[in-house]
Amino acid sequence: MNDMVAGDRHANWFRRLSPVQRRSFWAAFGGNSLDNLDFSLFSFLVPTLIATWGMTRGEAGLIAASTTITGALGGVLAGTLADRYGRVAVLQGTILWFSAFTFLCGFAQSPDQLLALRALQGLGFGGELAVGAVLIGESVAAHDRGKIMGGVASGYAIGAIGASALYAAAFLLLPPETAWRAALWLGILPALLVLYVRKGVREPEVFASTERMGMWTSFKTLFTGSLLLRTLLAVVLVAGITGTQLTLAIWLPTWLRTERGLTVLNTSTNAIIGYIGSFIGFLIGGYLVDRLGRRNSFRWFAVITFVSVCFYLFFPMSNAMLRFVGGPVGVVLVVMGVGMTPYLTELFPTAVRASGLGLCYSLGRALGALAPIVVGVISKDLGVGSAMLWLMSGCLLLVIISASLLPREPDEVANSALR
């Protein structure tokens with residue numbers, strides 16, 4: 001009977017959400033979807049931009065990763081602002097910022113201009129991820145947090161699927177020199193989400209009832225006492241997960257085109273199947289995070305991810321078989337990272353939660369973004385597939401080590417602040 005009650009509790013989390021919680025859920029989900037549509041789109045454009053401007057793979061990797069690197073500053077800044085001025089107002093500002101600069105990227109006339117615009121885009125990209133995660137994390141109960149935030153994170157997969165479809169449509173309907181610009185111009189669409197956020201999303205009660213610190217005070221608190229070590233380890237954890245995921249996300253389309261010889265349409269199809277797997281992974285991962293615990297899910301799926309990627313990249317198989325295997329690989333790659341945002345939400349007390357999550361998530365992502373840059377450099381000698389595997393192996397080792405050293409579950413202070 002207890003198992004049946006527990007199973008029902010796990011299965012019906014969405015129905016238990018109040019109207020206010022549901023609005024927060026859809027706001028965070030929509031932000032993730034449209035945010036990742038803009039981000040994922042660029043990975044499909046890399047081969048075209050290399051051919052158009054004669055860039056090296058290293059230069060292309062730098063431009064691709066620049067959004068995540070500057071997202072570190074955006075996440076820290078948005079997090080400290082959200083602890084001071086509120087989650088909802090800062091969320092709106094970040095959405096408008098990254099939408100505007102994605103649109104402007106379509107007007108770039110050189111690699112340097114595109115690099116600058118992508119870097120500016122990253123300020124809003126990193127900020128939206130951090131503030132949206134805190135908003136929904138503070139709005140829901142601890143026993144459902146993994147599942148709900150996994151549902152929110154599934155928006156990443158929806159955005160990536162949208163990017164794949166947009167890429168295919170643009171390049172089938174327009175010449176390449178125009179298609180990549182048109183795809184980026186449509187990046188202005190996420191700005192419409194602000195209308196929804198302004199209409200019905202409210203501050204979480206736990207934050208509204210908390211005394212607010214000054215921006216510098218909240219940031220400084222993260223590096224004092226018991227919070228210092230967990231802050232540093234959390235950065236390493238996020239860096240390892242992000243490095244693994246970004247390496248595959250940014251370089252997989254290039255690997256499919258250059259080493260597997262797939263056409264534009266087949267490349268897009270393979271990517272969409274992988275992203276569908278990712279969508280499933282987000283939903284499954286949320287349940288596993290709540291069942292297994294945060295640390296166990298990180299460690300187990302780091303190992304499973306390594307085995308899966310080795311099989312995908314180097315096991316001899318036809319292109320048709322490769323398309324079939326892409327879905328399960330997408331599942332396991334995503335499951336490893338689903339626990340990041342609920343775990344980071346629970347690691348820090350309310351007064352510094354957005355600052356802590358913003359710093360750890362964004363700085364970790366910035367460090368992880370160095371991995372695809374290195375892949376672009378060393379792939380000249382190793383090939384794209386081997387370079388991807390070497391970098392991902394190192395990143396996964398960081399995940400296992402940092403997860404083992406971090407607290408098993410949220411401490412009493414941080415957890416009580418969310419009850």
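**Figure 1. Helix 2 passes helix 6 in a right-handed crossing.** A crossing is right-handed if the near helix is turned clockwise from the far one by less than a right angle, and left-handed if anticlockwise. The contact of helix 2 with helix 6 has, by class, 17 nonpolar, eleven polar and no charged residues; Ala, Val, Leu, Ile, Met, Phe, Trp, Tyr, Cys and Pro count as nonpolar, Asp, Glu, Lys and Arg as charged, and the others, Gly among them, as polar. Helix 2 spans residues 19–53 and helix 6 spans residues 142–173. The axes of this pair are 6 Å apart, and the packing angle is about 40°. Axes are lines fitted to C-alpha atoms, for helices over the stretch in contact, with angles from 0 to 180 degrees between N-to-C directions. The model is predicted: local features need pLDDT of at least 70 and side-chain atom pairs count only at pLDDT 80 or more, whereas totals for chains, interfaces and linings use all residues. Residues are numbered from 1 along each chain as its sequence is written, and side-chain values use heavy atoms, without hydrogens or water.

**Figure 2. The chain contains 19 helices and zero strands.** Helices (H or I, at least four residues) and strands (E, at least two) are DSSP runs, numbered from the N terminus. Of the 419 residues in the chain, 59% are buried (under 20% relative accessible area; exposed is over 50%, partly exposed in between; 1.4 Å probe, protein chains only). The accessible surface of the chain comes to about 16,300 Å², and carbon and sulfur atoms account for 69% of that surface. When contacts (heavy atoms within 4.5 Å) between residues at least 6 apart in sequence are considered, 86% of them join residues at least 24 apart.

**Figure 3. Helix 6 and helix 15 cross at roughly 135°.** The axes of helix 6 and helix 15, the latter formed by residues 340–347, come within 8 Å. That angle makes helix 6 oblique to helix 15 (under 35 degrees is roughly parallel, over 145 roughly antiparallel, 65 to 115 roughly perpendicular, the rest oblique). The crossing of helix 6 with helix 15 is right-handed. Helix 6 contributes Arg-145, Gly-146 and Met-149 to the contact, and helix 15 contributes Thr-341, Pro-342, Thr-345 and Glu-346. By class, the contact of helix 6 with helix 15 has two nonpolar, three polar and two charged residues. Glu-346, located in helix 15, counts as buried at 2% relative accessibility. The C-alpha atoms of Glu-346 and Arg-145 are separated by 9.7 Å, although these residues are 201 positions apart along the chain.

**Figure 4. Asn-12 lies in the loop between helix 1 (2–11) and helix 2.** With a relative accessibility of 15%, Asn-12 counts as buried. Asp-144 is 132 residues from Asn-12 along the chain, and the C-alpha atoms of the two residues are 9.8 Å apart. Lys-147 is part of helix 6. Its relative accessible area is 2%, and Lys-147 is therefore buried. The C-alpha atom of Lys-147 is separated by 7.8 Å from that of Trp-13, a residue 134 positions away along the chain.

**Figure 5. Helix 3 (residues 57–85) and helix 5 (residues 111–137) cross at roughly 40°.** The axes of helix 3 and helix 5 come within 5 Å of each other, and the two helices are therefore oblique to each other. Helix 3 passes helix 5 with right-handed geometry. Sorted by class, the contact of helix 3 with helix 5 has 14 nonpolar, ten polar and one charged residues. Leu-73 belongs to helix 3. Leu-73 has a relative accessible area of 55% and is exposed.

Terms used:
Accessible areas come from the Shrake-Rupley method with a 1.4 Å probe; for residues, only the protein chains shown count as cover.
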